[in-house]
Structures are given as C-alpha cells and as structure tokens.
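Hello,

Here is the structure I said I would pass on. My notes on its pockets follow below.

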Amino acid sequence: MRTFFGPSPMQNLKYFTWSIGFTVFGLVGGYLVGGWSAVFIVAVLAVLETSLSFDNAVVNATVLRHMDEKWRQRFLLWGILIAVFGMRIVFPLAIVGVVANMGPMAVIDLALFKPDDYARILTSAHHEIAAFGGAFLMMVFLKFFIDVNKDTHWLAPIEAPLTQLGRLEAAQIMFTLLAILASSAWLDGAERRMEFIVAGVWGLVVYILADGIGAIMGGEEGEGGKVVAKTGFAGFMYLELLDASFSFDGVIGAFALTNSLPIIAIGLGVGAMFVRSFTLMLVYRGTLEAYRYLEHGAFWAIGALAAIMFIGVHVHIPETVTGLIGAVLIAAALWSSIRHNRSALAH
C-alpha cells in the first residue's frame, strides 16, 4: 500500500520546488529586514501558517480536482499571488484603512513607520474579522455534513444524524445565524455586538453568493456539498474566499511575534506557498480518493476553526492550539482511512 505521500516520498519533492525556493528567498529577505531574529520569526510564522492551513489544502483539493487543467494552473499561479500579496498584505491594510478612515498611502506609512499603532488598529477589528471568517467557515463545515444524500460517514454517531438535518430547509443558515447571535450576546457594549452581528451576516451572505454563483455557472455538488463549484471562475473565487477566511487568524496572531509588516508578509507568504504545494500534491497523487475519511477530518477541522473564531473574541486561544486541533483531526481521519483500506484488502 502506498503511503500518504504517494508511492515514493522523494517523487513529491517536485511539488515543493517553488515553495523551497520561496523559503530561501524569504529567509534572505528576513535577514535583510531585521537580521537573524527576523529570520527566526519568518521561520516560526511559516510553520504556524502551514500547520494552521493544512486542512485548507485538503479542502482546496476537493474543489481543484474537479477543475480542468487550465483553471487549476490559473489558481496555482494567480491564486498564490492573491494569497501572498492580497490576503497577507493588501487585505490587512484595507481593514486598517476602513477602521481608521485613512487613505492607502497613510495606511502604508502607518504600517511601515508606526507598526504599534497599525497593530493596535487591526487588532481592534478582531471581533468583526472573526465574525466574518467564522460565519463563512461555519457554512462550509455545515454544507458538507448536513446533506440527506451523504452516505459515507467517519464519525457515524455524529455525522449520520447531521445528514437528516438536511431535510430542514436552510438548516445551515439557521445554525450559522444562531452561532453568530450566541457569540455576540457575550460581547460587551451594544456597538461591538452590532458590529459582530453585521460582520457575521456579511460572511453568511458572501458564502451564499459564492455558492449561488457556482450553481448559476453550472457547478455541480457531490456528496456532502464537497464540490461547491466545478466551473473555473466560480471555483477560483470560492477557493480565494476560503483562503481569506483561513488567513484571518494567522494575520492577527502574527502580531504576537512581531509588528513588522514585511516580516509578517514574508513568513505568512512562505506558509501559503507550502499550502499550495500540499494542495497540488493531494490533487495529482489522488490522495483524497485513496483515503476516504481525509476530507471528513479536514471539514471537522474547519468546523473547529469556525468555533474557535467565534469563541476567540471572548477568550484568547493560542494559534498553536488551533493548529494542533486541526492536525489531530486530520491525523485521526487519515489513520481511520488506513485501517479501512487494510480491512478492505483483508476481505
């Protein structure tokens, strides 16, 4: 039986060529920006981003494997540029600009020369970022499990009853709204509660739009809504939105290590490159087909991340804990898949 990494782990190095090259470039850039201490921070951020987003790679692969080769290559090329420069640099700057009512140049000046003020403003919007990302990821999680046509279960005592909730109209939306309202109720101040609810509703709306665009453009859904949009552009946009939701906590959490925007961008960018490499490997190695419960573990990790984002506005949860939970869920699903394969071969 082949391993999780394919017939030969050495064969998979080709999928990581660009990631390794970008890592070297990033470490050199970190040294030029802040010396050896910056190199260390870049390495730590890269490891954290990769570990936090491995479930993102699995979910990306579930969509990407149904795309034609042209759109796969567009996602792997333009998607990484958007992930590294858009979501890890431009998007945080845009948030600070909106919150502080500042122009683009003023925000860039603030980020480069007054990083403490930049970090403070960005962190002040954490509850809104968490609400938006948590709502979007909660919908992704629920769409996979709440489906009457889903008949493959990993944690059957939990997943089987969830499928029956698919008979309830708009069950995913109802549960997501309840999660938003429940989390907002514990926030101090009517203004913060309203900001949280509005941001959460926008996360819900954006998911519905992404899902609807996929349906309009001819996307087809597989078991458990695994394929939200098979069509090229709709699938591309869905994956970018998903990546944005995964990156929110990483961007905010990076300020616990450094306030330097260039170092944060480099470290998270290296992690994003490795996530793309893992995605590519999963697609072309057929790993998801070989390990039937791997997707289940990834979607449970997404549900855990959504819950952590909602809870994290009240209680600080270290990024290492978030990454560990996702890693444990995926590892458990992988082990269950291996046991299933061995049992099938034995019979």
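Helices here are DSSP runs (H or I, at least four residues) numbered from the N terminus, as are strands (E, at least two). This is a predicted model, in which local features need pLDDT of at least 70, side-chain atom pairs count only at pLDDT 80 or more, and totals for chains, interfaces and linings use all residues. Residues are numbered from 1 along each chain as its sequence is written, and side-chain values use heavy atoms, without hydrogens and water.

A pocket is an open set of points on a 1 Å grid over the protein atoms alone, where a 1.4 Å probe fits, with protein on both sides within 12 Å along at least five of seven lines; lining residues have an atom within 4 Å of a point. A volume is the space filled by probe spheres set on the points, which are joined across faces, edges and corners.

The largest pocket holds about 460 Å³ of space. Its lining has 17 residues, and Trp18, Leu76, Leu77, Ile80 and Met273 lie nearest the centre. At least two lining residues come from each of helix 1 (17-52), helix 3 (69-100) and helix 11 (261-284). Helix 3 gives the most, seven residues.

The second largest pocket has about 280 Å³ of space. It is lined by 13 residues, with Phe91, Ile95, Val98, Glu128 and Ile129 nearest its centre. Helix 3, helix 6 (126-145) and helix 9 (190-216) each give two or more residues to this lining. Helix 3 supplies the largest share here, with five residues.

Regards
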